[in-house]
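Subject: Structure handover, salt bridges

Hello,

I am passing on the structure we spoke about.

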Amino acid sequence: MSTTLTPTVAAAAAAPAGKGRWLTRWEPENEEFWATTGRPVARRNLVFSIFAEHLGFSVWTIWSVVVVALPQALFPYSVDQRFWLVALPNLIGALMRIPYTFAVTRFGGRTWTAISALLLLIPLAGLMFAVTARPPYWAVLACAATAGFGGGNFASSMTNISFFYPERQKGTALGLNAAGGNIGISTMQLFVPVVIAAGLVYGGLMWVPLVLAAAVGAYLFMDNLAVAKTPFRAQFATLKRPHTWVMSFLYIGTFGSFLGYSAAFPLVLKLQFPDAPTAHLGAATVTLAFTGPLIGSLARPFGGWLSDRIGGSRVTAACFTLMALGSYGVVTAAGGQNMGLFLASFWLLFTAAGAGNGSTYRMIPAIFAAKSPDLAVAKRESAATLGIAGAIGAMGGFYLPRAISDSYTATGGISTAFTWFGVMYAACLAVTWWCYLRRRVLVSQVPSLAHASI
């Protein structure tokens, strides 16, 4: 290939990197542009996006650890009340994902990443107030709800990064971006118990300098893309696409499960196995709960990478099959009080859900690229769908903990909830097969499906 740049590529290459100005030319599908200019810029934005999103997930799910550490004498809450403190931030975070998605196309990825990072200071302040002032339960619940600001970060981050990478690399890029964010849950569940051993207030205070660093880093080193600017009316056109709703449903099964299990696992493990192994770090006690989100987070980029090679629908179908088996394992282990099988089944659930997160998010841009002859329209609608599916999928993070709580309240155990979770995964598998794996669909309805890595 010639090393002489075209005028478009040369103009983009000559522009100074970073400093947050709007990049008016962005052509990731142009191999020459990508090799000379696009890749380093995209990589730089990905790195700082991951950092901010990592903190967003940490703050979003911080109450999953704080709830377990609240002294019963000072915070005399029932099991159901504690599950509400775990579940409500997920509901608010899911609702926040819609405006966060559209904020990128209005303000730009660099600008909104900095703003959304600073918004994390609100739930951190709420947490510190709740554990020191010990207000009435409704006020503590309201403070926990503000952690939902962290949930919105994922949608805006994924929407933003989807514009930076070419179609052939989106699965891997989105998988890395999401995994870097998802792993914030396990980071938080590992280190917060260590810090709050010195006082519950430090569980919120420890994140403040990191949040400020993320905001400054985004402001100084990320970029806004002009191609990402889209009128709201054009973005809402994706609501008319049936694939938007199909993929949103499938994302409830993958990401909703990952988020719900991440939030509930510490409390479920404590209730089901009070004598579960722990590690003692000074005055702190760390349970095995952080391992689940860690495994799921590491599996996510693998799911995206594998989907780039064999197709997202095939990977998604395999993940739902494994999740149904994992649910059966949890029911069996809970009934027999088998902690080894219990942990192994949860690890299987986290692994399959994490890989499924990557595969379903890879399917979305591939589906719209296959269905639309206009690449610009496909990029715009797939970016909007990433946010919408992320919002609807995150609802599972609210439903799953509440279902576990209801099961525990009604029956004294979690088996009923996980039986129904298994049924849900079977339904998701059937939808995946019907919509994307049948040969008739592949050949007649979406002719380019096989080439789009769906």
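A residue is called buried under 20% relative accessible area, exposed over 50%, and partly exposed in between (1.4 Å probe, protein chains only). This is a predicted model, in which local features need pLDDT of at least 70 and side-chain atom pairs count only at pLDDT 80 or more, while totals for chains, interfaces and linings use all residues. Residues are numbered from 1 along each chain as its sequence is written, and side-chain values use heavy atoms, with hydrogens and water left out.

There are four salt bridges in the structure (a side-chain nitrogen of Lys or Arg within 4 Å of a carboxyl oxygen of Asp or Glu). Among them is the one between Asp 223 and Arg 44, at 2.9 Å from N to O. Asp 223 sits in the loop between helix H11 (208-221) and strand S2 (224-225), and Arg 44 in helix H2 (residues 31-60), so this pair ties together parts 179 residues apart in sequence. Helices (H or I, at least four residues) and strands (E, at least two) are DSSP runs, numbered from the N terminus. Both Asp 223 and Arg 44 are buried.

Asp 80, Arg 402 and Asp 406 form a network of salt bridges. Between Arg 402 and Asp 80, the closest N and O atoms are 2.9 Å apart. Arg 402 belongs to helix H18 (residues 396-411) and Asp 80 to helix H4 (residues 79-107), so the pair ties together parts 322 residues apart in sequence. Arg 402 is buried, at 10% relative accessible area, whereas Asp 80 is partly exposed, at 28%.

Regards
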